Amino acid sequence: MSIKELKNPGLIIKVRGFCTFLFWILFGYLHELLSFLKKLVNPPKTEKGYAEICNDWSGFYTKYIYGRLCDCYNRPVCSAPGPHVAIHERTGFHLNSTLRETGHKIDCINLGSYNYLGFAENRGKCTINVENCIRKYLIGPSATNTTMQTQILKKAEMAIANYLNKEDALIFGMGFATNSTGIPSLISKGDLILSDSLNHASLVIGMRCSGAVTQVFKHNKPKDLESKLKQAIYTGQPKTGEPWKKIIIVIEGIFSMEGAMTKLRQMVELKKKYKAYLYLDEAHSIGAIGPNGKGVCDYFNVPTSEIDIMMGTFTKSFASAGGYICGSKALIETIRANSYSFFYDNPLSAGCCEQIVSSLDIIVNDPEGKIRINRLKENTNYMREKLIKNGFTVFGRKDSPIIPIMIYSIDKIGAFSRLCLNENVAVVVAGYPATPLFLERARLCVSASHTKEDLDKSIEVMTRIGRKCGICK
C-alpha cells in the first residue's frame, strides 16, 4: 500500500473523527459557559488589571481535548528504558487536570523508547565505563563550552567524526538545540532553504530563526524538489532578483513520525547538479540502519563525503544525550564561532560523553556491535511483517526501526494506549497537532534488546486490542 493510499482513510473515518472533535469542542464550550455563570455568582479573587494567562484556543485545546488524553503521555518511568520498563500507574481527576500516582508500578514491554541498539541498560561495558568516568569528572561540567571542556568531550567529538569519516564534529548538550541553534549559525538572510514538508520541529524552528527564506517541497519527492531548485535559481531573491547567497536542502534520514527513509541518492544527485548544500538529520537513522550502523549513507551506499552537513543525536542508538554536527573543519569552526548553544550552554556531561565513546567502540571494534545491528534489523522486520499480516495499516519502510500503526481517530488512540498498558505493553500514540487531523497513529520503536517472546506477546496483545478498537481487520 502506498503512502498516498494510507493518507486517505476514507469518508466514514473522516466524518467519525470530525464528529468526535465537534462533540469534545461543544462539551468544552458548555463547560466554559457553566464556569462563566459560576463566576458571575461567586467572582474569583484575582488581582485587578491582570488578564487571564490561559484564555485562548491553545488553553481551550489543552484543557478539553489534550486533557482527555494526557494520561497517555508523559508517563513517569521508574527504571532503565530497556526492553522492559516500569511505569508508575496514575489516575486522573477533573478531565485529567490532576493526575495522581497510585503507588502501583506496572512492568511493561517497552515499545516507546528509542533504545534501538539496546545500550540503555544498567549493566555491561558501557555502564562500568560511565560509572568510572563519573567518579573522575563528577556529573556536571560547572562551566560553559568557552570556559572549559572535558577531555572526554573532545574524545567523543573525534569518535563520531571518525565514525562518519568527517574532519571534525561539534557536540551539543541537547539534540533539539543542535538543529534549532546549529542551523542559524550556518544560514542567514539572503540564503534559501528547501525543506521537506515532514521535517522535525527542531529543524523548522532552526530555519525560522535563521532569517533565511524557507520553501517547502513535497515529502520525499525529488521531482518537486528539482522544480523548486530550478525556479529558485531562475528567479533569484524576491524583489531584487539577485542570486541566492547559497541554497541548502534540509532532509531527515528516517522521518520520525512516518518511519520512511529519505531518497538519499536522488537528493545527492540534485544537490550536485544544482550546486546546493545538503543538510542531513540522522537523529533516528544513525546507529540504527546500514550494515555498519552508519545511517542512511551506509544503508544506501552513499559516501559521507557527498553530504555537506551531517547532524544526528546520541539519545537513540547510543543511549546517551545531546546531538552532533559533523563536517569539514571550516564548517565546524564556523558553528563554534556563531552558535548560541556553544557560547552559552553547558557542555555535555562527562558520563554522557563516556557513554557515546563506549557504545561507538562496541559498534566499531566489538563483534557485539554487529550482533546488535543485525538483531535490530531482524526484530524490526519481524514485527512489521506480523502486524501487517494481522491486519494493521503500517507506515514506513522495511528495515526502519520506527513502525507507525495507523489509528485514524483521536478517541481511539487513548483507548488503544490505555488498554495496551493494562496488558503490560507500553506504546506511544500521537494525534493532532503532532500528526495531521484524521492521521492519528501509534508509533512503535523496536530494540535489539527485545526477545522474540517480547515481540510475540506485544503483537498478540496489540492485535487483540486493535480488533477491539476497530483499527485492524
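This is a predicted model: local features need pLDDT of at least 70, side-chain atom pairs count only at pLDDT 80 or more; totals for chains, interfaces and linings use all residues.

Together with Y340 and F342, the residues F343 and Y344 form one aromatic cluster.

The structure holds nine aromatic pairs. In one of them, the rings of Y114 and Y116 have centres 6.2 Å apart and planes at 50°, so that this pair is tilted. The rings of F343 and Y344 also make a tilted pair, because their planes stand at 45°, with the centres 6.3 Å apart. Of the two tyrosines in the former pair, Y114 is partly exposed at 25% relative accessibility, whereas Y116 is buried at 0%. A ring can also meet a charge, and R372 lies over the face of F119, at 4.2 Å from the ring centre.

Helix 11, which spans residues 329-338, has L331, I332, I335 and R336 among its buried residues. These residues lie on the same side of helix 11, because they cover an arc of only 135° around the axis. The buried residues of helix 11 pack against helix 5, strand 3, strand 8, strand 9 and helix 12.

Further along, S458 is found in helix 16, which runs over residues 452-469. S458 is buried, with a relative accessible area of 0%, and, leaving aside neighbours within four places in sequence, S458 is in contact with I109, L111, M383 and V425.

Definitions and conventions. Residues are numbered from 1 along each chain as its sequence is written. Side-chain values use heavy atoms; hydrogens and water are left out. Helices (H or I, at least four residues) and strands (E, at least two) are DSSP runs, numbered from the N terminus. Buried means under 20% relative accessible area, exposed over 50%, partly exposed in between (1.4 Å probe, protein chains only). Contact means heavy atoms within 4.5 Å. The arc is that of the directions from the helix axis to the C-beta atoms. Rings of Phe, Tyr and Trp (its six-membered ring) pair if their centres lie within 6.5 Å; planes under 30 degrees apart count as stacked, over 60 as edge-to-face and the rest as tilted. A charge sits over a ring if NZ of Lys or CZ of Arg is within 6 Å of the ring centre and within 35 degrees of the ring normal.
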